[in-house]
Amino acid sequence: MKTAKAYERGTHRARHPEHTWDLMAPKLGRFGITRVADVTGLDVIGIPVVMSVRPLSKVLSVSQGKGQTLTLAKVSAVMESVELWHAETAFPPLTRRRTPAAELGLPYALNDLVRDSSALVTEATRLDWVRATGLVSGRATEVPFDLVCFTGYMERPWIPYGLVTTSNGLASGNNLPEAVLHALYEVIERDAISRTVRDDHRTFIDPHTVDDPECAHMIRQIADAGVEIRLAHVRSSTGVPCFEAELWSPEFPVITLGAGAHLAAEVALSRAITEAAQSRLTSIAGSRDDQAAVYEHVSTAGGGRPAPPATTHSWAGLAAAPVPSFADLEEEMAAVTTLAAGLGGEPLLVDLSTDEDFAVVKVIVPGAALNPARVHPDGDDDSSEETW
């Protein structure tokens, strides 16, 4: 079955955002969402940013969303809350309890899922497991429960050190292929960003050369608001276009970062720009549970003006996609799955969906890098800002 893309302005969707919002709005109470607030006006830029409030969350009671339109931002915020609700609540059944990886004949090395070299987890550690499906082979396998689901302290007082539940690869979509695609793009983006630690690993872009209409419009908005922007292409071993955007202004002297990855370079850049604007508003609003204290930093102008890049390049030379664009979500998912497998192993899918109108998934790619200090310099390790 093929799914054509119905919307391609800054993001690729199987439904128009207004249709998605109409389907989701009546369901907000089911997921504990009590308020959806437009906070765009708290900043001077004007790129839409929306806040979704879920007071009983085990992880984040406030999620943020962004987009080129207000409806896209509303959907983005709500779906981030919905994703976290699923990871906290819609636990897949355990396939095995307290079983060492060494007894399972897994198609990947457990060590490829562990982020910390000092981790205590080994092939002999007794773990709980849930079913996963290989996105290349279609074969059933298992992944540790603690990499998929968020649990409260009273529910699970001990997790083996080295298995850290994050929202990396936690994504939603109007259907399963769309959700899987966004999870894969997030893993690819964060792998590229995590492996890039110096400016000489990035290629800086002259913002004035960006000719995509939507991205160029947002860049003008940012400049007209007196905010400085740095854009950079980040190399990814997958070949998927990946970009970073950094914003800074004298009135709010904190560098805020956004990033995005997508086979369509203009979509990747749009995600980076809108996420950078969202990060600014996250700091300005100060409402997220995991937000680092920034106002003392701001009051002392501690951010410092970022140095302009020594050399910039034209957007035209960096915007070519490595493969043809896809009108069909299933075909694009197959292509991106193959590229993501190059990070170290076959991508593994855990389907957390609970509703026929949309899908929520967790995708784990063995060997993919995730450096929280690089991906979220403000200390946020649990956001899922990239999915919508």
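The second largest pocket of this predicted model is lined by 17 residues. Leu 113, Arg 115, Asn 168, Ile 364 and Ala 368 are the lining residues that lie nearest its centre. Its volume is about 320 Å³. By residue class, the lining of the second largest pocket divides into ten nonpolar, four polar and three charged residues. Strand 13 (residues 359-364) gives the most to this lining, with three residues.

**Aromatic pairs**

A pair of aromatic rings is described by the distance of the centres and the angle of the planes. Across the whole structure, a search finds four aromatic pairs. Two of them are set out below.

| Pair | Centre to centre | Angle between planes | Geometry |
|---|---|---|---|
| Phe 31 and Trp 85 | 4.9 Å | 80° | edge-to-face |
| Phe 243 and Trp 315 | 5.2 Å | 45° | tilted |

The planes of Phe 31 and Trp 85 stand at 80°, so this pair is edge-to-face; the cut-off for that class is over 60 degrees. The pair links distant parts of the chain, 54 residues apart. Phe 31 belongs to the loop between helix 1 (17-24) and strand 1 (35-38), whereas Trp 85 is part of helix 2 (residues 70-89). Phe 31 and Trp 85 are both buried. These two residues also belong, together with Phe 358, to one aromatic cluster.

Phe 243 and Trp 315 form a tilted pair, with 45° between the planes. Phe 243 lies in strand 10 (residues 242-249) and Trp 315 in the loop between helix 6 (295-299) and helix 7 (329-341), so the contact ties together parts that are 72 residues apart in sequence. Phe 243 has a relative accessible area of 0% and is therefore buried. Trp 315, with a relative accessible area of 3%, is buried as well.

**Strands 10 and 11**

Strand 10, which carries Phe 243, is joined to strand 11 by a hairpin through two residues. The two strands pair in the antiparallel sense over seven bridges. Within this pairing, Ala 245 has Gly 258 in strand 11 as its bridge partner. Strand 11 (residues 252-261) is mostly covered, with nine of its ten residues buried.

Strands of a sheet pair through backbone hydrogen bonds, either parallel or antiparallel. An open sheet of three strands has the order 1-2-3, and its pairing is antiparallel. Strand 1 and strand 3 (62-66) are the edge strands, each of which pairs on one side only. From one strand to the next, the twist averages 25°.

Strand 1 and strand 2 (residues 49-53) run antiparallel and are joined by four bridges. Val 36 has Ser 52 in strand 2 as its bridge partner.

The loop between strand 2 and strand 3 holds Pro 55. With a relative accessibility of 47%, Pro 55 counts as partly exposed, because that class covers values between the 20% limit for buried and the 50% limit for exposed. Pro 55 and Thr 34 are 21 residues apart along the chain, and their C-alpha atoms are separated by 7.5 Å.

Key
Residues numbered from 1 in each chain as written. Predicted model: local features only at pLDDT ≥ 70, side-chain atom pairs only at ≥ 80, totals over all residues. Heavy atoms only, no water. Phe/Tyr/Trp six-rings, centres within 6.5 Å; stacked < 30°, edge-to-face > 60°. Buried < 20%, exposed > 50% of the residue type's maximum accessible area, 1.4 Å probe, protein only. 1 Å grid on protein atoms, 1.4 Å probe; cavity = no way out; pocket = protein on both sides within 12 Å on 5 of 7 lines; lining within 4 Å. Points joined across faces, edges and corners; volume = space filled by probe spheres on them. Nonpolar A, V, L, I, M, F, W, Y, C, P; charged D, E, K, R; others polar. Pairing = 2+ DSSP bridges. Axes fitted to C-alpha atoms, helices over the stretch in contact; angles between N-to-C directions.
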